[in-house]
Every structure is written in C-alpha cells, then in structure tokens.
Amino acid sequence: TQGFPAIIVKKIQKIPLYFWVLDLWPESLISAGGLSNKHVLRLFTYMVKYVYNNSDRILISSRSFKESIIAKGNYENKLIYFPNWAEETISNGQINYPIPNLPKGFKIVFAGNIGVSQDMESIMNAALILKTQVHIHFVIIGAGRSKESIENFIQEKELNNTVHLLGRFPIEAMKTFFNAADALLITLKDELVFNLTVPAKLQAYLCAKKPIIGMLNGEGAQIIKDSNCGFVINAGNYEGLAQTILDLSNLSANERNYMSEKGYAYYVENFTKFQSSKMLFNFIFS
C-alpha cells in the first residue's frame with residue numbers, strides 16, 4: 001500500500017518511481033498470514049498490479065522474485081536486482097553495547113521475528129533433541145506472535161538450561177550479540193514464497209563474521225552454500241538441524257573461523273550498501 005502515495009507524488013512532481021520489492025504480495029498473505037479468501041486475494045493482486053504498472057522500475061531483493069512478478073504482467077524490462085545489505089550499526093557498529101550475561105558454552109544465536117514463518121517449532125524440537133548436550137545453548141533474541149508458545153514449550157520440556165529467550169533489543173545491540181555467538185541460525189518454513197525470499201538478516205549474519213546454520217530452502221540456502229560460510233539443512237528438518245549444530249560445535253576454532261571469513265568475503269563482494277548502490281546507479285545511467 002505504500003506504493004499508492006508514491007504514485008501520487010510521481011504524477012504531481014512528474015518524476016520516476018522505483019519500487020523496491022522485499023516481500024511478494026499477495027503470496028506473503030497466503031503463506032505468512034493464512035489468507036485464503038479468493039475475493040480478498042483478487043483485490044490485493046489488483047493492487048499489486050496497479051503499483052507495478054505505475055512503477056518505472058521494480059527493484060527485487062531476491063532474483064527468485066522475477067518469475068512471480070512477470071507472471072502478473074509484462075514487467076521483465078522493469079526489473080533490477082537490488083539486494084539488502086547489513087545496517088551500519090552491524091557493519092561498523094561497536095561490540096560494547098550492554099547486553100545480558102550469556103551462558104558459557106557453544107552459543108547458537110537466533111535474532112529477529114519469532115513467528116510462524118520462522119518455523120520456531122522446528123528450532124524448539126532441535127533444542128529438545130540436544131537437551132542433554134548442556135554445553136550447547138540456543139540464544140533467541142526478538143519478539144513475535146510465536147513467543148508465548150515458545151515460552152510454554154521451554155517450560156513444559158524443561159529446556160530452561162539450554163534455551164534462553166531474551167526478548168527484544170535495539171538493532172544497536174545486535175553486533176554485540178553476534179560477536180558473542182559461536183554460530184548464527186536462520187530458518188524459514190517450507191513455503192513457496194519463503195523459498196523465493198532472501199531474509200534481510202542473512203546479509204547481517206554474513207557481515208558478522210560467524211558461521212551460519214540455515215534451515216531453509218531456495219535462494220537463501222543457495223547463498224549460504226555459495227559463500228561456504230556454514231551449513232544448510234532442508235526447511236523443517238529439525239533432526240538434521242540438531243545434528244548439524246552438534247557437528248559444528250565439535251569443529252575446531254580454525255575450521256569455524258574459515259567459514260566466518262568466507263562468509264564475510266562473500267558479503268563484501270556482493271552485499272555492501274556500496275555494491276548495491278553501484279549496481280543500481282550503473283543500471284540507471286548506463
């Protein structure tokens with residue numbers, strides 16, 4: 001809906017409109033919101049097409065968005081790949097932001113929305129498998145609609161010693177949390193729209209110089225593979241996630257540092273704000 005005021009400004013000021021697509025609509029309403037009413041979906045599809053029709057260029061944060069967008073109309077010549085980058089507070093921030101004392105041992109940090117899309121249930125099932133591995137700790141930072149169910153699961157399964165739900169913190173704290181982690185965890189459910197999406201926090205994770213464990217499919221998983229920054233497990237495979245975390249915890253510091261450096265090098269080459277802006281400017285002025 002933010003496209004509508006932009007279209008008005010475009011017409012009043014007679015300037016071009018570049019619309020940056022970070023989530024696919026109406027697909028996200030189906031996968032994340034559970035919307036199934038065909039009349040409502042038809043309305044949103046019309047709205048999306050109206051915005052695309054009135055956009056001079058359509059920027060896409062994931063190359064996989066292309067097929068979905070051109071299925072809605074003749075937009076291929078408008079598309080420009082324009083990925084996310086890490087926030088300045090993560091790429092250039094300080095690592096002394098005050099945070100709670102974290103447990104000793106091997107710390108897996110998950111940061112961001114705690115929702116259905118992130119498949120928190122599978123993360124908790126992996127934590128349950130690793131319950132007796134008391135040196136492995138899940139540190140979960142964030143909030144969302146699955147938070148209460150996760151709290152209940154932790155209590156019912158007596159996971160308080162290995163799962164630590166810390167709540168919401170400002171983005172300025174993330175670099176300090178990431179620096180204290182031994183690995184970073186990113187997950188998405190096995191839904192078509194999520195398989196096409198590259199979560200914005202993946203760039204932040206790559207920038208943090210830590211090994212990454214991904215339980216997801218699609219383009220996000222491919223980036224982890226291409227960068228050699230960690231391990232990928234199919235979405236929903238919590239048993240595989242548990243085993244991968246255990247395997248990673250048994251690697252030497254040098255082996256984990258190798259993954260960290262590979263991920264950071266991939267970030268610098270592909271995902272800095274400078275790289276993204278350069279790509280866009282070259283396209284506009286070529």
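Visitor: Hi! How far is the sulfur of C207 from the closest cysteine sulfur, and which residue holds that one?
Guide: Hello! In this predicted model, the closest cysteine sulfur to that of C207 sits in C229, 13 Å away, which is too far for a bond. A disulfide would need the two sulfur atoms within 2.5 Å.

Visitor: OK, so what is the disulfide count by this rule?
Guide: The count is zero disulfides. Seen from the other end, C229 is in no disulfide either, with the sulfur of C207 as its nearest cysteine sulfur.

Visitor: Is C207 buried or exposed? And what about C229, buried or exposed?
Guide: C207 has a relative accessible area of 8%, so it is buried. C229 is buried as well, because its relative accessibility is 1%. The cut-off for buried is under 20%.

Visitor: Switching to the sheet: what is the order of its six strands?
Guide: The order is β6-β5-β4-β7-β8-β9. The sheet is open, and its pairing is parallel.

Visitor: Which strands stand at the edges?
Guide: Those are β6 (163-167) and β9 (230-233). Each has a single partner strand, so one side of each has no neighbour in the sheet. On average, neighbouring strands here are turned by 20 degrees against each other, direction ignored.

Visitor: How many bridges join β4 to β7?
Guide: Two bridges join them, and the strands run parallel, with β4 covering residues 106-111 and β7 residues 183-187. If you want a pair to find, take V109, whose bridge partner in β7 is L184.

Visitor: Nice. Which strands does helix α11 lie across?
Guide: Helix α11 (residues 218-227) lies across β7, β8 (212-215) and β9. Its direction is at about 150 degrees to β9.

Visitor: Now some other helices. At what angle do α1 and α3 cross?
Guide: Helix α1 (residues 3-13) and helix α3 (residues 38-53) cross at roughly 30 degrees, and their axes come within 10 Å. The two are therefore roughly parallel to each other, and their crossing is left-handed.

Visitor: Which residues make that contact?
Guide: From α1 they are G3, F4, I7 and K11, and from α3 they are M47, Y50 and V51.

Visitor: Last one: how many residues of helix α6 are buried?
Guide: Seven of the 10 residues in α6 (residues 120-129) are buried, so the helix is largely enclosed by the rest of the structure. Among them are M120, I123 and N125.

Terms used
Residues are numbered from 1 along each chain as its sequence is written. This is a predicted model: local features need pLDDT of at least 70, side-chain atom pairs count only at pLDDT 80 or more; totals for chains, interfaces and linings use all residues. Side-chain values use heavy atoms; hydrogens and water are left out. Two strands pair if DSSP finds at least two bridges between them. Helices (H or I, at least four residues) and strands (E, at least two) are DSSP runs, numbered from the N terminus. Axes are lines fitted to C-alpha atoms, for helices over the stretch in contact, and angles run from 0 to 180 degrees between N-to-C directions. Contact means heavy atoms within 4.5 Å. Buried means under 20% relative accessible area, exposed over 50%, partly exposed in between (1.4 Å probe, protein chains only). Angles under 35 degrees count as roughly parallel, over 145 as roughly antiparallel, 65 to 115 as roughly perpendicular and the rest as oblique. A crossing is left-handed if the near helix is turned anticlockwise from the far one by less than a right angle, and right-handed if clockwise.
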